[in-house]
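Have a look at it first, and then read on.

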Number of protein chains: 2
Amino acid sequence: MGFYVHKYGGTSMGSVERIKNVAKRVAKWVRAGHQIVVVPSAMSGETNRLLGLAKEISANPDPRELDMIASTGEQVSVGLLAIALQAEGIQAVSYAGWQVPIITDSAYTKARIQSIDDDKVRNDLNAGKVVVITGFQGVDNNGNISTLGRGGSDTSAVAVAAALKADECLIYTDVDGVYTTDPRIVPEARKLGVISFEEMIEMASLGSKVLQIRSVEFAGKYRMPTRVLSSLTDPLMPLEQEMPSGTLITFEEDEHMEAAVISGIAFSRDEAKITIMGVPDKPGIAYQILGPVADANIDVDVIIQNQSVNGLTDFSFTVSRGEYSKAMEVINSVVKPGIHAREIIGDTKVCKVSAVGIGMRSHVGIAAQMFRTLSEEGINIQMISTSEIKISVVIEDKYMELAVRALHKAFGLEAAPVA
Amino acid sequence: MGFYVHKYGGTSMGSVERIKNVAKRVAKWVRAGHQIVVVPSAMSGETNRLLGLAKEISANPDPRELDMIASTGEQVSVGLLAIALQAEGIQAVSYAGWQVPIITDSAYTKARIQSIDDDKVRNDLNAGKVVVITGFQGVDNNGNISTLGRGGSDTSAVAVAAALKADECLIYTDVDGVYTTDPRIVPEARKLGVISFEEMIEMASLGSKVLQIRSVEFAGKYRMPTRVLSSLTDPLMPLEQEMPSGTLITFEEDEHMEAAVISGIAFSRDEAKITIMGVPDKPGIAYQILGPVADANIDVDVIIQNQSVNGLTDFSFTVSRGEYSKAMEVINSVVKPGIHAREIIGDTKVCKVSAVGIGMRSHVGIAAQMFRTLSEEGINIQMISTSEIKISVVIEDKYMELAVRALHKAFGLEAAPVA
């Protein structure tokens, strides 16, 4: 008998029929003798509908109230799924995040999980029940509802799996695993059977939409084996076929890893660049610029500071497009008055493309090959950022697909590597 | 400075524009120096949509899970209204029932309020905030979400007003007060300026949809002055005009009451009749029949037992149509095996029409006049039930409008009474 946490995304929960299919699939696992906790997302479109209502009322709605509103989508899902499980003859009970409770900080709309109380859930599991817990949300220490931000249900699922010490966390989604890149852009893209935690972090953070980045961080922190697999298969397919399907995120490099230098090409169009030109190149200037941006709870990604000329330098950074206006506002209202800058330039027509691979650590020349490939396609590189296992470039966004296809081919990702 | 609880129904909260209008109205009260708690319903149609999803999954969904689902409608409303108030420049904070908390029993889908903690709300009011609290719901002692049943937001509003000792509870709705009967059926129906608590109880319980019965009971128990008024007026209409509008439910008969014998004609089509024919007329038979029905949490309304013939009697009672199938199931599966009955007959084509009035107490002949009027119209009376201040008849439902019009005329309700 195993203990598994299942997570189902908005598409899998998108209609009454699909919810019934999720119930059939979960029931199959229960009948095979496993204990199951299910973490569903809101029905697809629901979170957008709810946030849309709030945005119609106010351009800048209170984040606490947004969470009050947005959290209801998952609450509907857990209730419906519990009813569907009961209709399958399976005992089930649903909980909202605050009922477990899943305690978070108070950073509304992008809260972080601090602790999960496992008493109630464990009692229910031991009583033979499936426990259905809302994804995406928790409650802060003052009893206010908080949400984890987009894709937060993945994080909820992995966090619950870690807190309850599940054998594996299964993320059911509308793709059947993690690919070398998006098959819609590169038809030859190949599904990976396993991927290392570090590579998955880079793939997720770089915009491969399969898994939310924080969920992978949680999986890494607690070494929770996490599998991405399809919810579109027949819910009654044999368990021995379903259990090993999809892509497993692993923590044991040597055993399972493919021998590839590069595992995949990730990309993200959700990028905007802000450049502050002609600022004095003196100690503390980076903090003076980015401190207020961080205080406004805006994530900054790639950061570049040019070589200074005559004591002046140009400073560039990227943020997600959704936070671009807010970031520009902070820069203009808070940062600008305190520094001397020649000009502030914003650009929302950029994207980021990255080559990711653990094998990169021990191979030289990967960066050179990447830059040559882009150069041969006539693509200008605006920013470069590197880490141990990835190289990212910021380029004009109209070249994104071209860059992804060229790099996928240049690194031979369409063929399985030879060990 | 006064302290008022406002309640807004689903129609008043039915769109972003209407929610903004509610915010404008509340802001007007706040700017006039009053402290305000608002209890909104779910956006119109939302509760039905949510329950419809559950019913699509299971014909007999778990009530606890239904409450989990249905309670989200109001949670969305409070968040949106708080945002709309903030956009008006008014400080506001929203709470779900469990956050206040509003403690109820565990009779899911028809829970009763047991207590309301006023600490948090009072602190917010004293800090100058409008507090927006979900109607329709609370939380039981085990932390499960409960709902109060249809129209429960009225009850929430009056209960919150009572717990916080508000000066008045204002129920804003899509009618402008309580009428002698439904103007859609009798165009001559007249709006009442005041109505006694007892009459309002009868009007509400008899299907005048203006106020939920339990809210009137709460108002009576705590002597909370409660006003029914229109939410369709200009939200910026002068406060001195708005404050005395609508119909006030009063507890001081002599001062304010009109001198009418009959105040109104109430009616309800939501009736179904169950008759158990040929049961032995022995002590305990009524309990044997109705005990299991009550245990199944089904409200029974009119009850009649005929004179027995040869030791056998016929026993009839009415329930709401929504509980008819459940009641029949209880009768057939639990009651029938334990008694000897010739036949069990169900009839969902009945309705109830009632004449209500405190003046009835001191006037004879009201019942006779009612029966004569119905007889003149050729309407057969199936059941009769009387109380101190009302006479109800159960009749075939196709005669409902005819009966209401005839009785409204017979009692001269179109003209204001002379004191």
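What follows starts with the overall picture and then moves to single residues.

Everything here comes from a predicted model, in which local features need pLDDT of at least 70, side-chain atom pairs count only at pLDDT 80 or more, and totals for chains, interfaces and linings use all residues. Residues are numbered from 1 along each chain as its sequence is written, while chains are lettered from A and ligands numbered from 1 in the order in which they are written.

**The overall build**

Let's begin with chain A, which has 14 helices and 20 strands. Helices (H or I, at least four residues) and strands (E, at least two) are DSSP runs, numbered from the N terminus. The C-alpha trace of chain A spans about 75 × 55 × 30 Å along its principal axes. For 419 residues, a compact globule would have a radius of gyration near 22 Å, and the 23 Å of chain A agrees with that. That radius is taken over C-alpha atoms, and the globule rule is 2.2 Å times the number of residues to the power 0.38.

How much of chain A is buried? The answer is 50% of its 419 residues. Buried means that 20 or more other C-beta atoms lie within 10 Å of the residue's own, exposed means 12 or fewer, and partly exposed is in between, with C-beta atoms placed from the backbone. As for contacts (C-beta atoms, placed from the backbone, within 7 Å), residues 24 or more positions apart make up 75% of those in chain A with a separation of 6 or more.

**Two copies, side by side**

Where the chains meet, 28 residues of chain B are in contact with 28 residues of chain A. On the chain B side, helix 1 (16–31), helix 2 (46–57), helix 3 (63–70) and helix 4 (72–87) each supply at least two residues. Helix 4 of chain B gives the most, with 11 residues.

**Inside the core**

In general, nonpolar side chains tend to be buried together in soluble globular proteins. Here the largest nonpolar core has 259 residues, and A:Leu81 and B:Leu81 have the most contacts inside it. Such a core is a set of buried Ala, Val, Leu, Ile, Met, Phe, Trp, Tyr and Cys residues joined through C-beta atoms within 7 Å. Leaving out residues up to four places away in sequence, A:Leu81 touches A:Ile19, A:Val22, A:Ala23, A:Val38, A:Pro40 and A:Val132.

**Strands and a loop**

In chain B, strand 18 (residues 343–356) pairs with strand 15 (residues 264–280) in the antiparallel sense over 11 bridges. Strand 18 of chain B also pairs with strand 20 (residues 390–396) of chain B, again antiparallel, over seven bridges. Pairing takes at least two bridges found by DSSP. B:Val353 is the bridge partner of B:Phe267, and B:Lys352 stands opposite B:Val394.

Over in chain A, A:Asp397 sits in the loop between strand 20 (390–396) and helix 14 (400–410). A:Asp397 counts as buried because it has 21 C-beta neighbours inside 10 Å. Apart from neighbours within four places in sequence, A:Asp397 is in contact with A:Arg269, A:Lys349, A:Val350 and A:Cys351.

**Some backbone details**

| Site | Feature | Value |
|---|---|---|
| A:Val100 to A:Pro101 | cis peptide bond | omega near -15° |
| B:Val100 to B:Pro101 | cis peptide bond | omega near -15° |
| A:Lys165 | positive phi, not a glycine | about 55° |
| B:Lys165 | positive phi, not a glycine | near 55° |

A:Pro101 lies in the loop between strand 3 (92–95) and strand 4 (102–104) of chain A. A:Lys165 is in the loop between helix 6 (152–163) and strand 9 (168–173) of chain A, and with 11 C-beta neighbours inside 10 Å A:Lys165 counts as exposed.

Definitions and conventions: Contact = placed C-beta atoms within 7 Å.
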